[in-house]
Amino acid sequence: MNENPILEQLKCEALYAQRSFSKELLYKTYGKAQMARQLEALTQSEFMEINHMTVHFMNTDREYIRNCNRNYREGRALT
């Protein structure tokens, strides 16, 4: 199956952002997905896949949340 190259790029960016625990990168990737959806370069289901990898990840991934809380307690900027 030949997947949408835009979807593949956004998946790579989302995975990188997840591994780096970067809120900024996760939001940027989500924003790119929103724009691609508005331009109809992504289907609704493809957009929801990126949404799950970004916004849903930030709200539910225990390790990500633990890392944000640790950074907050230590006074480090959340990026």
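Q: Why are helix 3 and helix 4 called roughly perpendicular to each other?
A: In this predicted model, helix 3 (residues 44-60) and helix 4 (residues 62-73) pack at an angle of about 65 degrees. Angles of 65 to 115 degrees count as roughly perpendicular, and therefore the two helices are described that way. Their axes are 6 Å apart, and helix 3 passes helix 4 in a right-handed crossing.

Q: What makes the contact of helix 3 with helix 4?
A: Helix 3 contributes Phe57, Met58, Asn59 and Thr60, while helix 4 contributes Arg62, Tyr64 and Ile65. By class, four of these residues are nonpolar, two are polar and one is charged.

Q: Why is phenylalanine 57 called buried?
A: Phenylalanine 57 has a relative accessible area of 11%. Buried means under 20%, so phenylalanine 57 counts as buried. This residue lies in helix 3.

Q: Which residues is phenylalanine 57 in contact with, leaving aside its neighbours within four places in sequence?
A: They are Gln18, Leu26, His52 and Tyr64. As for alanine 14, phenylalanine 57 is 43 residues apart from it in sequence and 9.7 Å apart in space, C-alpha to C-alpha.

Q: How many aromatic pairs does the structure hold?
A: There are three aromatic pairs.

Q: What makes the pair of tyrosine 30 and phenylalanine 47 tilted?
A: The ring planes of tyrosine 30 and phenylalanine 47 stand at 45 degrees, and the ring centres are 5.7 Å apart. Centres within 6.5 Å make a pair; planes under 30 degrees apart would be stacked and over 60 edge-to-face, with the rest tilted. The value of 45 degrees falls in the rest, so the pair is tilted. Tyrosine 30 is in helix 2 (residues 23-38) and phenylalanine 47 in helix 3, 17 residues apart, so the pair links distant parts of the chain.

Q: How do you know whether tyrosine 30 and phenylalanine 47 are buried or exposed?
A: Tyrosine 30 has a relative accessible area of 18%, and phenylalanine 47 is at 10%. With the cut-off for buried at under 20%, tyrosine 30 is buried, and phenylalanine 47 is buried as well.

Q: Why is the pair of phenylalanine 57 and tyrosine 64 called tilted?
A: The ring centres of phenylalanine 57 and tyrosine 64 are 5.5 Å apart, and their planes are at 55 degrees.

Q: What makes tyrosine 64 buried?
A: The relative accessible area of tyrosine 64 is 2%. This is under 20%, so tyrosine 64 is buried.

Definitions and conventions. Residues are numbered from 1 along each chain as its sequence is written. This is a predicted model: local features need pLDDT of at least 70, side-chain atom pairs count only at pLDDT 80 or more; totals for chains, interfaces and linings use all residues. Side-chain values use heavy atoms; hydrogens and water are left out. Axes are lines fitted to C-alpha atoms, for helices over the stretch in contact, and angles run from 0 to 180 degrees between N-to-C directions. Helices (H or I, at least four residues) and strands (E, at least two) are DSSP runs, numbered from the N terminus. Angles under 35 degrees count as roughly parallel, over 145 as roughly antiparallel, 65 to 115 as roughly perpendicular and the rest as oblique. A crossing is left-handed if the near helix is turned anticlockwise from the far one by less than a right angle, and right-handed if clockwise. Contact means heavy atoms within 4.5 Å. Ala, Val, Leu, Ile, Met, Phe, Trp, Tyr, Cys and Pro count as nonpolar, Asp, Glu, Lys and Arg as charged, and the others, Gly among them, as polar. Buried means under 20% relative accessible area, exposed over 50%, partly exposed in between (1.4 Å probe, protein chains only). Rings of Phe, Tyr and Trp (its six-membered ring) pair if their centres lie within 6.5 Å; planes under 30 degrees apart count as stacked, over 60 as edge-to-face and the rest as tilted.
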